[in-house]
Amino acid sequence: MLLVCSLCLPLLKTVAQTGKPVKGNLVYVDKNGVLRYTKGNAEAAFFGVNYTVPFAYGYRSVKRTGIELEQAIDHDVYHLARLGLDAFRVHVWDWEITDSLGNLLENEHLRLFDYLLAKLEERNIKILITPIAFWGNGYPEKDERTGSFSNVYGKGPSVVAEAPIKAQENYMKQFFSHVNPYTKLTYTNDPGVIAMEINNEPHHSGPKERTTEYINRLAAAVRSTGWTKPVFYNISESPTYADAVVKSNVDGHSFQWYPTGLVANHTLEGNFLPHVDKYHIPFDTIPAFKKRAKMVYEFDAGDVLQSYMYPAMVRSFRGAGMQWATQFAYDPMATAYANTEYQTHYVNLAYTPSKAISLMIASKAFHKLPRLKSYGTYPADSLFDVFRVSYKAQLSEMNSPEEFYYSNSTSTQPVNINNLKHIAGVGNSALVQYKGYGAYFLDQVAQGVWRLELMPDAIHIRDPFEKASPKKEVTRIQWLKQSMQIMLPDLGTDFTISGSNPGNSYSTTSSANTFEISPGTYILKSKAKSGFAVDANSKVGLLGLNEFVAPQPVNGDVYVTHQPHSEVSPGVPFTIAAKIVGVNAGDKVSAELRNSSGKWKTIQLNPTSGYDYSAEVPADIVTPGLVNYRIIIHKGGNDFVVFPGAQKEDPYAWDAYESESWETFVAPLNAPLVLFNANDDRRKLDIYNPSWRNNVIEYITAETPGQLVLKATMNKRAPQQTFGWQQVISGKLQVRQSEIGSFNEIVVKARTKGDLPVDIKIVLLTKDGLAFATHVSVSNQFKNIAVPLDSFKADSTLLLPRPYPGFQPLMFKAAATASFRLRDIEKMQVFMGEAANNIETSILELESIFLDKRK
């Protein structure tokens with residue numbers, strides 16, 4: 001009955017677009033499901049970010065800083081434009097702007113959202129609105145009880161029950177009829193708002209006919225306001241309802257991608273390019289789906305700080321036919337020092353410059369790469385068109401005749417240095433030598449005249465993906481004057497540099513292309529163009545010549561970031577490396593070393609670049625046992641800071657009682673190399689568990705006093721079901737490289753509970769994504785089980801952490817081949833349950849895995 005009534009509405013209000021352009025709309029979806037520009041009919045593509053400051057925790061956290069919210073929005077929107085992004089999407093927190101009946105509340109959140117849209121449109125950033133989030137507004141804090149329909153009914157019932165559906169229909173009509181006070185337009189009539197997605201990640205249940213009806217009713221409510229632009233609906237969150245979703249009257253479908261999972265609670269290390277080799281869509285068997293446009297409403301490489309992922313993801317998106325993609329979520333500059341908004345995501349131009357430049361390159365790739373083109377299988381697809389991604393170089397790169405962008409130092413030569421118009425990067429290249437840690441941009445204003453924009457240094461001092469707190473700084477901003485060398489033919493070697501942003505009166509002339517520079521915006525002129533008049537109010541593209549936005553430091557204290565080696569070889573010097581902020585010229589940095597044989601020594605730590613310090617521990621200290629040490633910063637007189645612990649006291653004073661130190665084990669000669677020990681490595685595992693209800697990992701004690709054992713239990717296992725974990729082991733191998741060639745077997749100390757043996761699979765992964773595997777049969781006797789290293793054979797690997805959504809590939813096998821070499825190994829995977837047997841419950845108790853030298 002309800003379905004019949006919804007179909008009684010006028011045709012315009014109920015059906016998708018006709019496949020023809022509508023005058024006044026920027027884009028339309030043609031009859032083949034391709035998003036095209038109304039003017040000219042060319043294929044359209046949009047790339048950008050989600051951004052949340054008007055709502056929820058984003059709103060509250062920025063407000064607590066004391067920064068005006070409008071100013072925070074202005075700053076972030078400028079940076080989005082600086083990165084060349086042209087798309088914005090957010091799931092509007094209906095939780096904060098509606099009541100239980102769906103009436104729109106004209107409040108501060110809605111006003112700030114309108115302000116944000118107006119500012120985005122000034123920068124030509126197009127907008128896709130998702131008006132229903134369903135989510136509460138608390139995360140990471142507690143939800144507020146607002147009385148909205150999402151608050152009252154919850155996410156699941158809201159797509160099934162009649163009362164919340166009616167409230168949503170009412171809300172849609174009011175929302176799209178609301179007039180933005182800044183643009184003086186409704187969202188329906190605003191040309192900058194080019195499409196909408198009905199809701200965010202719906203969880204469908206019940207009859208499929210009800211799902212189709214729900215979507216049609218909300219689409220009809222939107223179109224009843226005069227909306228004729230594309231309407232999208234999520235198909236990836238409830239994949240078993242895909243057929244019901246496709247039956248609805250919408251123009252396209254939305255997807256998400258989190259190829260490294262979410263909320264690992266630590267920074268993920270290693271090569272994740274295999275995770276983004278392909279974006280798989282399982283709905284092509286539904287005929288009508290082929291006529292729908294495709295968009296990515298959210299994506300990110302969660303918990304990954306490396307800067308090579310975004311262009312690779314874009315390559316796979318375009319190969320799957322996506323025409324809109326928005327990363328989730330761009331961190332507000334005001335709070336990015338602590339990464340508190342969504343701890344599993346972290347990208348901001350000021351605070352993660354390499355990732356931001358990678359995002360910029362990804363935007364270029366999204367617009368340039370053709371739809372539905374494959375570039376092969378990793379590693380062949382690391383080069384595509386004018387783009388390159390490299391795990392080993394930690395690099396995203398674009399190298400075209402007019403644009404040269406790089407997310408980290410690169411040795412690549414520009415393809416046409418004389419034709420370049422735009423350069424952006426971090427670190428060093430053939431064009432720019434700069435030891436600072438901030439991003440820089442060079443845009444040609446005229447021949448021999450360039451605009452330089454330089455961001456302050458961003459130094460990561462804590463893991464940004466651990467538990468977050470506004471009281472915990474994870475990235476330090478520092479403003480320093482540093483040397484820069486720019487080598488552009490039209491500038492020559494002795495060009496002038498003049499500050500152009502407000503308050504920047506700096507002026508100098510380069511010598512041999514080199515000059516001192518602080519963060520800011522500058523105009524660079526060749527000697528031949530010294531008289532060239534530059535209007536400070538003019539623009540390069542969407543950017544004013546004198547615009548500049550950057551944060552000030554939130555803290556200036558000394559801080560040392562250091563990760564000690566767990567174990568090293570005896571008699572071999574090893575390096576202590578640390579990142580240190582807050583030190584000044586003249587401060588002395590040293591390490592006090594003591595070994596367990598009673599020998600001690602103090603060595604100086606010297607700067608190697610920027611904020612990186614290192615020193616070599618001499619061989620005579622590296623005797624079997626322990627090396628304990630602490631790092632001491634002496635700022636003069638009695639002013640000391642000692643790490644670990646940031647103790648502000650003279651460590652040599654008679655009453656100095658703090659004794660905290662780092663420690664490294666020194667292995668005895670010919671000792672095994674431990675890859676996994678349940679005591680030390682239990683917090684370093686990325687677990688794959690397809691059935692958390694039935695499969696359990698716990699840590700218990702067993703036969704050895706003081707030694708934990710990993711106990712993995714599989715209950716009610718399905719045929720061929722796999723359960724296991726992954727661990728990064730490259731660091732353990734690296735510090736004993738001098739012995740690597742002498743290890744010839746891997747030893748597993750384990751047992752099972754039960755009469756039948758349990759088969760486990762050990763997979764060793766190289767830095768290039770190649771997998772080598774062997775099997776180990778574990779009995780019910782706790783013992784060492786040795787397997788020769790030459791038993792490892794080429795195999796496929798599980799992609800861990802598990803990519804989301806779950807219909808993305810779990811297995812991967814690289815296109816390249818190579819021989820097994822232990823020195824190339826980066827990760828170890830351990831799985832149980834793969835071998836077919838009739839055991840309903842399998843239990844593995846694992847104490848350790850180590851490399852040994854078989855006589």
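Are Asp251 and Arg223 buried or exposed? Select the two and check: both are buried (buried is under 20% relative accessible area, exposed over 50%, partly exposed in between, with a 1.4 Å probe and protein chains only).

Before moving on, some ground rules. You're looking at a predicted model, where local features need pLDDT of at least 70, side-chain atom pairs count only at pLDDT 80 or more, and totals for chains, interfaces and linings use all residues. Residues are numbered from 1 along each chain as its sequence is written, and side-chain values use heavy atoms, leaving out hydrogens and water.

**Stop 1: salt bridges**

Keep Asp251 and Arg223 on screen: their side chains meet in a salt bridge at 3.4 Å, N to O (a side-chain nitrogen of Lys or Arg within 4 Å of a carboxyl oxygen of Asp or Glu). Asp251 sits in the loop between helix 10 (242–246) and strand 10 (252–257) and Arg223 in helix 9 (residues 208–223), so the pair ties together parts 28 residues apart in sequence. Helices (H or I, at least four residues) and strands (E, at least two) are DSSP runs, numbered from the N terminus.

Next, pick Glu567 and Arg736, a salt bridge whose closest N and O atoms are 2.9 Å apart. This one links distant parts of the chain, 169 residues apart: Glu567 is in strand 31 (residues 567–568), and Arg736 is in the loop between helix 14 (730–734) and strand 45 (745–752). Arg736 counts as buried, at 0% relative accessibility.

Now jump to Asp795 and Lys761, where the closest N and O atoms of the salt bridge are 3.1 Å apart. Asp795 is in strand 49 (residues 793–795) and Lys761 in strand 46, so parts 34 residues apart in sequence are tied together. Asp795 is partly exposed at 24% relative accessibility, whereas Lys761 is buried at 6%.

For a network of salt bridges, select Glu162, Glu169, Arg210, Glu213 and Arg217. The whole structure has 45 salt bridges.

**Stop 2: the largest cavity**

Select Asn271, Pro274, Leu765, Gly769 and Thr797, which lie nearest the centre of the largest cavity, among its 14 lining residues. Here a cavity is a set of points on a 1 Å grid over the protein atoms alone where a 1.4 Å probe fits but cannot get out, and lining residues have an atom within 4 Å of a point. Its volume is about 110 Å³, counted as the space filled by probe spheres set on the points, which are joined across faces, edges and corners.

Show strand 46 (758–766), strand 50 (797–798) and strand 52 (825–832) too: each supplies at least two lining residues.

Technical notes
On a 1 Å grid over the protein atoms alone, a cavity is a set of points where a 1.4 Å probe fits but cannot get out, and a pocket is an open set with protein on both sides within 12 Å along at least five of seven lines; lining residues have an atom within 4 Å of a point.
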